[in-house]
Amino acid sequence: MSWDVFIMRYPVEVEDPSNIPSDGEPSSLGTHRQVREVLTMLLPGITFAPDGWIDYDGPGISFNAQVDDDDEPSTCLALFIYGAGPAAARIALTIAEALNARAFATGVADFLTPDNVESAADGWLSYRDRVLEE
């Protein structure tokens, strides 16, 4: 079961994710190639498959995502994270900051911030454990 974190340029004035306008159009994170360049810079050892899938295995985190190798605009980077402890939350936040974006963490339904990465990761792990027990 993955922890899904969505990185987008959510409106900065929105503090509560439930207040994101449903008709809003997020601005671009850059082209798919530019997003790949940022990921390559941040995450040594990241691999890119020809079909656009990305795999990363690092200390405390592994994730996959899909980013094509083209110059089309990218408005969302969805990280499917495994090993979702505090290290995973910090890496997701670092990626978001490098893309001048924000990270929305499912399971806790909140934006990741430097102040909540530990509690968000703990909340996700509690949620996951509860769901897997059912």
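Analyst: **Close look**

Asp 68 is partly exposed, because its relative accessibility is 33%. That label covers the range between buried, under 20% relative accessible area, and exposed, over 50%, using a 1.4 Å probe and protein chains only.

The model is predicted, so local features need pLDDT of at least 70, side-chain atom pairs count only at pLDDT 80 or more, and totals for chains, interfaces and linings use all residues. Residues are numbered from 1 along each chain as its sequence is written, and side-chain values use heavy atoms, with hydrogens and water left out.

Asp 68 sits in a loop that runs from strand E5 (61-66) to strand E6 (73-74). Helices (H or I, at least four residues) and strands (E, at least two) are DSSP runs, numbered from the N terminus. Beyond four places in sequence, Asp 68 contacts (heavy atoms within 4.5 Å) His 32, Arg 33, Arg 36, Asp 51 and Gly 52. Gly 52 is 16 residues away along the chain, yet the two C-alpha atoms are 4.4 Å apart.

Now the sheet. Strand E5 belongs to an open sheet of 7 strands, ordered E3-E4-E5-E7-E1-E8-E9, with antiparallel pairing. The edges are strand E3 (47-48) and strand E9 (110-111); each has a single partner, so one side of each lacks a neighbour in the sheet. Two strands pair if DSSP finds at least two bridges between them. E5 and E7 run antiparallel and share 3 bridges. Asn 64 has Phe 80 in E7 as its bridge partner. On to E1: 5 bridges tie it to strand E7 (residues 77-82), again antiparallel. At the E9 end, strand E8 (residues 102-105) pairs antiparallel with E9 over 2 bridges, and Ala 105 stands opposite Asp 110. Arg 102 sits over the face of Phe 111, 3.8 Å from the ring centre. The test for a charge over a ring is NZ of Lys or CZ of Arg within 6 Å of the centre and within 35 degrees of the ring normal.

Helix H2 (residues 86-98) spans 18 Å from first to last C-alpha over 13 residues, close to the 18 Å expected. The expected span is 1.5 Å times one less than the number of residues. Its buried residues are Ala 88, Ala 89, Ile 91, Ala 92, Leu 93, Ile 95 and Ala 96. These pack against E1, helix H1 (32-42), E5, E7, E8 and H3. Just past H2, Asn 100 has a positive phi of about 55°.

Last, the aromatics. Rings of Phe, Tyr and Trp (its six-membered ring) pair if their centres lie within 6.5 Å; planes under 30 degrees apart are stacked, over 60 edge-to-face, and the rest tilted. That gives 6 aromatic pairs. One is Trp 3 with Trp 124, stacked at 6.2 Å between centres and 10° between planes. This pair joins strand E1 (residues 3-8) to helix H3 (residues 117-133) across 121 residues. Trp 3 is buried at 0%, and Trp 124 is buried at 3%. Trp 124 also pairs with Tyr 127, tilted, at 5.4 Å and 40°. Both lie in H3, 3 residues apart, about one turn. Tyr 127 is partly exposed at 30%. Trp 3, Trp 124 and Tyr 127 make up one aromatic cluster.
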